[in-house]
Amino acid sequence: MKTDFDLGKRMVAFAFFFLFSLSLVRASTEYIAYEHPKLKIGKGGKVVRIKNVDVWLEGTPAMRYWIDGVLRDERTTDSWAKVDKEKREAIKKAVDKAKDKHANGVVRVYSKVLRERRRETYYDSMGMGYGYGMFGYPFGFGDPFWGPVGYPGWGMGYGGPVQSSTQIVTVYHIRSKFDIIHYPTY
């Protein structure tokens, strides 16, 4: 039979791991528009067309183009398997921003992956009280005024935080920079 204590312990553990996993996956995107667009001449490269926008993953357009602004994207994940997915999400975000700005294309300037290893310590703060009725004692004593009690119950004792585990966690930071461009019309 499961007690309320076991259920509470599981709920706290689930909430902790849910919040921990949310803290490891995060993304931030910043768009900086240029007041005076910069004119550049490209040398050619690899282009992919996504949602009617030219995406230059390698190289630049083999013609003149204007840079309207820069999009910086930073993402964090805890799994190497998710790094490529996060890079694709960054490209989708750049394409969406280009469509919002009525631009013709996106040039990927760089996309770096940085690895960070850090030590994480987890604490278990689930103490247990054992005593008579709602007045529990953390060490299992009965009622101090009436002597030891023959029928123990769950109480309100508190055991304090206890270090449960320490482990090394690897976190991956993906930093990308894109130029939002448009082609000149003659």
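The side chains of Ser176 and Ser111 are joined by a polar contact of 3.2 Å, in what is a predicted model. Ser176 belongs to strand β9, which covers residues 162–182, and with a relative accessibility of 4% Ser176 counts as buried, because that value falls under 20%.

### The protein as a whole

The protein contains two helices and nine strands, and their order along the sequence reads α-β-β-β-β-α-β-β-β-β-β. Among the contacts with a separation of 6 or more, 77% are between residues 24 or more positions apart.

### Arg75 in strand β4

Arg75 lies in strand β4, formed by residues 64–77, and it is buried, since its relative accessible area of 9% is under 20%. The side chain of Arg75 takes part in a polar contact of 2.8 Å with the side chain of Asp73, and a further polar contact, of 3.4 Å, joins it to the side chain of Glu86. Leaving aside neighbours within four places in sequence, the residues in contact with Arg75 include Arg26 and Ala27, then Glu86, Glu89, Ala90 and Lys93, and finally Tyr172, His173 and Ile174.

| Side-chain pair | Polar contact |
|---|---|
| Arg75 and Asp73 | 2.8 Å |
| Arg75 and Glu86 | 3.4 Å |

### Leu39 in strand β1

Leu39 has its place in strand β1, which spans residues 26–41. With a relative accessible area of 42%, Leu39 is partly exposed, because this value lies between the limits of 20% and 50%. Apart from residues up to four places away in sequence, Leu39 touches Arg64, Tyr65 and Trp66. The C-alpha atoms of Leu39 and Trp66 are separated by 4.5 Å, although the two residues are 27 residues apart along the chain.

Conventions:
Residues are numbered from 1 along each chain as its sequence is written. This is a predicted model: local features need pLDDT of at least 70, side-chain atom pairs count only at pLDDT 80 or more; totals for chains, interfaces and linings use all residues. Side-chain values use heavy atoms; hydrogens and water are left out. Helices (H or I, at least four residues) and strands (E, at least two) are DSSP runs, numbered from the N terminus. Buried means under 20% relative accessible area, exposed over 50%, partly exposed in between (1.4 Å probe, protein chains only). Contact means heavy atoms within 4.5 Å. A polar contact is a pair of N or O atoms within 3.5 Å; within protein, one must be able to donate a hydrogen and the other to accept it, and residues adjacent in sequence count only if both atoms are side-chain atoms.
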